[in-house]
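Visitor: Hi, could you walk me through this one? I'd like to ask things as they come up.

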Amino acid sequence: MNEVEIEGLARRAEMPVDEFLKIYTKRVGKRVSLRERENGDCVFWHKNVGCSVYEDRPRQCRTWPFWNSNIETPEDWERTKKSCPGSGVGRVYTVDEILAQSKIIDI
Ligand code: SF4
């Protein structure tokens, strides 16, 4: 997440940024990432509710599944569909829409 995303989520959680970082995030190399529960679910994912911060979710979430690493080859896309049941179903996106999403964050 970048600073804007962190500040937005901290504001939503009604806590100072440093407290939000301590409670809800972890370092991954030089990056800051949301923590996961023991089962791998995001800390903001709640069964029967879904994402509790949906309107302020980070770019990584907003652009899923159209990450470069997921769409570079047909094999990448097949792997993505297998790992996420929500990928490859629902509304059909145009190539331009997909490419625009893939340029928002390089994953
Ligand atoms: S959309 Fe992002 S912030 Fe929301 S539950 Fe999923 S991983 Fe977490």
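Visitor: Is C61 buried or exposed, or something in between?
Guide: C61 is partly exposed, because its relative accessible area is 38% and that class runs between the limits for buried (under 20%) and exposed (over 50%), using a 1.4 Å probe and protein chains only. Keep in mind that this is a predicted model, where local features need pLDDT of at least 70, side-chain atom pairs count only at pLDDT 80 or more, and totals for chains, interfaces and linings use all residues. Residues are numbered from 1 along each chain as its sequence is written, and side-chain values use heavy atoms, with hydrogens and water left out.

Visitor: How many disulfides are there?
Guide: The count is 0 disulfides, taking a disulfide as a pair of cysteine sulfur atoms within 2.5 Å. C84, for one, is in no disulfide, and its nearest cysteine sulfur, that of C61, is 12 Å away.

Visitor: And is C84 buried or exposed?
Guide: C84 counts as buried, because its relative accessibility is 18%.

Visitor: Back to C61. Which residues surround the ligand?
Guide: C61 is among them, along with L34, C42, F44, W45, C51 and V53; each has a heavy atom within 4 Å of the ligand. By class, this shell has 7 nonpolar, no polar and no charged residues. Here Ala, Val, Leu, Ile, Met, Phe, Trp, Tyr, Cys and Pro count as nonpolar, Asp, Glu, Lys and Arg as charged, and the others, Gly among them, as polar.

Visitor: New topic: what does Y24 touch?
Guide: Leaving out residues up to four places away in sequence, Y24 touches A13, M15, S33, L34, R35, V43 and F44, where contact means heavy atoms within 4.5 Å. L34 and F44 also belong to the ligand's surroundings. Y24 itself lies in helix 2 (residues 17-24); helices (H or I, at least four residues) and strands (E, at least two) are DSSP runs numbered from the N terminus.

Visitor: How is the chain put together overall?
Guide: Starting at the N terminus, the order is α-α-β-β-β-β-α-α-α-α, giving 6 helices and 4 strands. The C-alpha trace spans about 40 × 30 × 25 Å along its principal axes, and 25% of the 107 residues are buried.

Visitor: Where is S87, and what does it touch?
Guide: S87 is in the loop between helix 5 (74-83) and helix 6 (95-104). S87 is buried, because its relative accessible area is 5%. Beyond residues up to four places away in sequence, S87 contacts W64, P65, W77, T80 and K81.
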